[in-house]
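The structure is shown first.

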Amino acid sequence: MRAPRLLARFGADRSGAVAILTGIALPILVGGMALGAEASFWYLSQRKLQQAGDLAAYAAAVQLRSGRSEAEMQVAAAAIAGSSGLRAGEDTMALSHPPASGDFAGVPSAVEIRLARQQVRFFTLIYSQDPVAIDARAVAQVRGGGDACLLALDPSGAGAITVGGSADITFDGCDVATNSVAADAFLMNGGRAELTTGCVNSVGGVSPNGNLALQTCDRSRTEAPPIPDPYADVAQPPEEGDCAADNGIGANGSATTVVPSQTMPDGTAFEQYCGGLTVRGDTFFEPGLYIVDGGTFSINSNASVSGDGVTFFLTGGASLSFNGTADVDFTAPASGPYSGLVFFGDRADSGISHTINGSAGSRLNGAVYLPSANLSYSGNFGGAGSCIQIVARRVEFTGNSELRGGCAAPGTRRIAVAETIALVE
């Protein structure tokens, strides 16, 4: 009878209930606290990963604004993300240009960064052995800014853009820009040179005189980001043409029409002149590509030379030399492989110097693109309706030169300046 009484007393005893309940509840309580603490750590890790993604996207957009390749964007983004907490060998980063998802999918001015991490568990290993997936996404966009009519690509030289003598230059409503880091990358010599433009943009510094008139900014923009070559991806013509029988065209007192006699594989009509090209008299060039291989492309005094839908490709060391009394009126093609280009200089012809003179009625509608060469204007190109764009290594306006520009010719590409970068997603 003793055993039943003991069991009855044990069942009625309440003095150990708290300990028993505590023993049962404690693992649940500890597990909950562990989950809360570790979830807070996960959230903190995600915020840090998001910060790294934001910085990486911004760094990639800086490279995009400067015209860098996707590989260079990747390097810049990875470097910034790594210094901001991305763990090499453990975390992953994916860059998409343009973005592959979201509101800016397919927008070429934007770049997307995705970061991913497999976070190892600590306290919550009692619930699962699988790591926790943490990710972050950021999109940065290059936006805004104005347009330039003149861009000097020289990365370091002094006076990459020089306005000297009695030059009177006007770029109405558009900017001039130089990529040189020199303290006087933009230089105005003497007291009579004049320049009117929207704004001056320089990676380095500026050294103007008192005749610089700015239309859209209070002062020149220095330490500006470099501007990419807008025509860097235009393929140069293949070197497979036959030399024309005569590289002297026209005669004083007579009218001549030039018709390309050869055709590129892509269907472009062209003519090739070896050892230079000399133009005289009243000469009209039919639409097409005209290749000047070596020598000098010269337009003689009092000549009247024109052409619509024409591109002159200068290669083999060929240079331009137009007489100051010549009347020149060229318009670039509005479409096709050489869209917008009036003059196209071979990128391998570094150090070549080109001189363009003209009469007061001369016009160039399109881009003068001489990426590796120096260009000197010493005449007049102020004809009505002239829409000129200049991209060269160095540009100098000398003597009594006059130039009027400020509109975009059909087919030319935008030269964007003063662009900003914003995180948009």
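## Second largest cavity

In this predicted model, the second largest cavity is lined by Leu 314, Ala 318, Gly 345, Asp 346, Asp 349, Ile 352, His 354, Leu 370, Pro 371, Ser 372 and Ala 373. Its volume is about 50 Å³. The element that gives the most to this lining is strand 27 (residues 363-377), which supplies four residues.

Sorted by class, the lining of the second largest cavity has six nonpolar, three polar and two charged residues.

## Largest cavity

The structure holds three cavities of 30 Å³ or more. Among the residues that line the largest cavity are Arg 65, Asn 201 and Glu 419. Its lining also includes Ala 224, Pro 225, Pro 226, Ile 227 and Pro 228, together with Ala 416, Val 417 and Ala 418.

By class, eight nonpolar, one polar and two charged residues make up the lining of the largest cavity.

## Backbone geometry

His 97 and Pro 98 are joined by a cis peptide bond, with omega at about 0°. Pro 98 sits in the loop between strand 1 (92-96) and strand 2 (110-119).

Glu 223 is not a glycine, yet its phi is positive, at about 50°. Glu 223 lies in the loop between strand 12 (212-214) and strand 13 (248-249), and it counts as exposed because its relative accessible area is 71%. Asn 302, also not a glycine, has a positive phi of about 65°. Asn 302 belongs to the loop between strand 20 (296-299) and strand 21 (304-308). With a relative accessible area of 63%, Asn 302 is exposed.

Note on methods: Residues numbered from 1 in each chain as written. Predicted model: local features only at pLDDT ≥ 70, side-chain atom pairs only at ≥ 80, totals over all residues. Heavy atoms only, no water. 1 Å grid on protein atoms, 1.4 Å probe; cavity = no way out; pocket = protein on both sides within 12 Å on 5 of 7 lines; lining within 4 Å. Points joined across faces, edges and corners; volume = space filled by probe spheres on them. Nonpolar A, V, L, I, M, F, W, Y, C, P; charged D, E, K, R; others polar. Helix = DSSP H or I, 4+ residues; strand = E, 2+ residues; numbered from the N terminus. Buried < 20%, exposed > 50% of the residue type's maximum accessible area, 1.4 Å probe, protein only.
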